[in-house]
Amino acid sequence: MKEEVLALLRQTDDYLSGQDMSARLGVSRAAVWKAVEALRKEGYVIDSAPNRGYRLAAATGRLSQREVLGLLGNHPWAPMVQVLDSVDSTNNLAKTLAAQGAPAGTVVIADCQTGGRGRLGRSFLSPAGDGIYLSVILRPRATPPELMHLTCAVAEVMCDAVENATGLRPGIKWTNDLVWGGRKLAGILTELSLEAELGHVQYAVVGIGVNCQQELSSFPPELQDMAGSLKMATGKTVDRNRLAAEMVRGLYRLDGSLVTGRLAWMKAYRKDCVTLGRAVAVRKADEARWGQALDVDDWGALLVDFGQGPEAVRSGEVSVRGLYGYV
Ligand code: BTN
C-alpha cells in the first residue's frame, strides 16, 4: 500500500485528501493514514493539513532500489537494475558482470564510488549522498567505427533525463560533459570490449556521473571554478531516485535506436552542444592548437577551424572559452 500511496502523492505538488486517495485506491482512509505514517518513518516528509489532506514535501534523500524500481514500474529493464550503497566504480562492476554474460540493460547505480573513474585516466569524485553514479551494459551489433556517436547520443539522452526530472535542460560541452552556467554537472565514460576475431563489439559499458546535491563549498578548491551541481543550477534538492529512473528510461530508448537513429541523435546533439561557435583550445599529447569550433559531424567529431578550414577532431582535451573558468 505504501508504494501506491507514494505513487499518488508523487503525481501532484498539491494536497490530496485522504478520502480521495482511499477512493482511488479502493482501501479505507485508515489504511491510507497507516501508509502515510510508514512512509514518514522511512524519511519522506509528508505535510498534512486539516480539510486538505496530504502532500509530499520532499522525497527521501536516499537513493533506493525500491524507489527507483517503483518509479520504473513494469519497464523492461527494471528487473536488471540494482542500486548499491557503495562500490569502487560502477563501470568496473558492470564490466565484470558483462564479462560473466550479463545481458544488455543491466544497470548498476551507486550512492558512492570509492574509485570513480573519469576520461583520460582521471578520477571522478563520487561522495555519498550527493550524486548519481550509473553504468549500463549495452550489446550493440556493431563495430567500433559504427559506434563513434555513442557517447554523443548518451549525452543527449542525459539532457532529456535531467530535463524530465528537474525542468532544467543542460548544455553539452563536446563531447560528453553536461554543463550549466559554465560549470560541469555530469560526465560520461564509455568503455568497449571487442571480440578479437571479427572486430565486433562484445559489450559497451556506459558510465554516467551526475552532480546533484553539492553546494559550491562541497567541491575541493581545485574544482570550484569548474564544477557545479543540479542543486546549484535549480536552487532545489534533486529527487535522485526520479532522475535515476529517467536515466534508465532514456538509455533504454537509446538502446533501441542507437544505430538506426544516429542522424536524429546527432541532430539533437548539435542543438544542445554549447561548444559550437566558440573559441577552443585542443590539446593532444604535448601539442596545443587554438581555433574556432564550427560544427559536429554525423559521427560526433568536432569540426574546428584552426585557420585553414574545418578539421575533424575526434579525441583529445578540448577547452572551450567561457566554460570551466577558461577565459
Ligand atoms: C568524465 O567526466 O571524465 C567522465 C566521468 C564518468 C564518471 C562515471 S560515474 C559512473 C561510472 N563509474 C565510473 O567509475 N565512472 C563513470
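The points below cover the ligand site, the cores, the strands and some backbone features.

This is a predicted model, in which local features need pLDDT of at least 70 and side-chain atom pairs count only at pLDDT 80 or more, while totals for chains, interfaces and linings use all residues. Residues are numbered from 1 along each chain as its sequence is written, and side-chain values use heavy atoms, with hydrogens and water left out.

**Ligand surroundings**

- A polar side-chain atom of S89 is 2.7 Å from an oxygen atom of the ligand.
- An N or O atom in the side chain of Q113 lies 2.9 Å from a nitrogen atom of the ligand.
- A polar backbone atom of N91 is 3.5 Å from a nitrogen atom of the ligand.
- The ligand taken alone exposes 410 Å², of which the protein buries 97%; accessible areas come from the Shrake-Rupley method with a 1.4 Å probe, and for residues only the protein chains shown count as cover.

**Residue Q113**

- Q113 belongs to strand β4 (residues 107-113). Helices (H or I, at least four residues) and strands (E, at least two) are DSSP runs numbered from the N terminus.
- Q113 counts as buried because its relative accessibility is 11%; buried means under 20% relative accessible area, exposed over 50%, and partly exposed in between, with a 1.4 Å probe and protein chains only.
- The side chains of Q113 and S126 are joined by a polar contact of 3.0 Å. Such a contact is a pair of N or O atoms within 3.5 Å; within protein, one must be able to donate a hydrogen and the other to accept it, and residues adjacent in sequence count only if both atoms are side-chain atoms.
- The side chain of Q113 also reaches the backbone nitrogen of T90, at 2.8 Å.
- Beyond its neighbours within four places in sequence, Q113 is in contact (heavy atoms within 4.5 Å) with V87, D88, S89, T90, S126 and Y133.

**Nonpolar cores**

- A nonpolar core is a set of buried Ala, Val, Leu, Ile, Met, Phe, Trp, Tyr and Cys residues joined through side-chain atoms within 4.5 Å.
- The largest core has 66 residues, and I109, I208 and L243 touch the most other members. Helix α6 (residues 150-166) supplies the largest share of this core, with eleven residues.
- Not counting residues up to four places away in sequence, L243 touches I132, A161, V162, A165, V210, C212, L230 and V238.
- A second, separate core has 14 residues, including L9, L39, Y44 and Y54.

- In strand β5 (residues 131-138), eight of eight residues are buried.
- G131, Y133, S135 and I137 point one way from β5, while I132, L134, V136 and L138 point the other way.
- β4 and β5 pair in the antiparallel sense over four bridges; two strands pair if DSSP finds at least two bridges between them. V107 stands opposite V136 in β5.
- β5 also pairs with strand β9 (residues 200-211), in the antiparallel sense over eight bridges. I132 has V210 of β9 as its bridge partner.

- β12 pairs with strand β11 (residues 287-296) in the antiparallel sense over four bridges, and V296 stands opposite L302.
- β12 and strand β13 (residues 310-313) likewise pair in the antiparallel sense over four bridges, with D305 opposite P310.
- The hairpin of β11 and β12 has five residues between the strands, and G300 takes a positive phi near 95°.
- The hairpin of β12 and β13 has four residues between the strands, and G307 in the turn has a positive phi of about 125°.

**Backbone exceptions**

- Most residues other than glycine have a negative phi, and most peptide bonds are trans.
- W174 and T175 are joined by a cis peptide bond, with omega about -5°.
- A285, which is not a glycine, has a positive phi of about 50°, and this residue is exposed at 84% relative accessibility.
- Y324, also not a glycine, has a positive phi of about 55°; Y324 is buried, with a relative accessible area of 17%.
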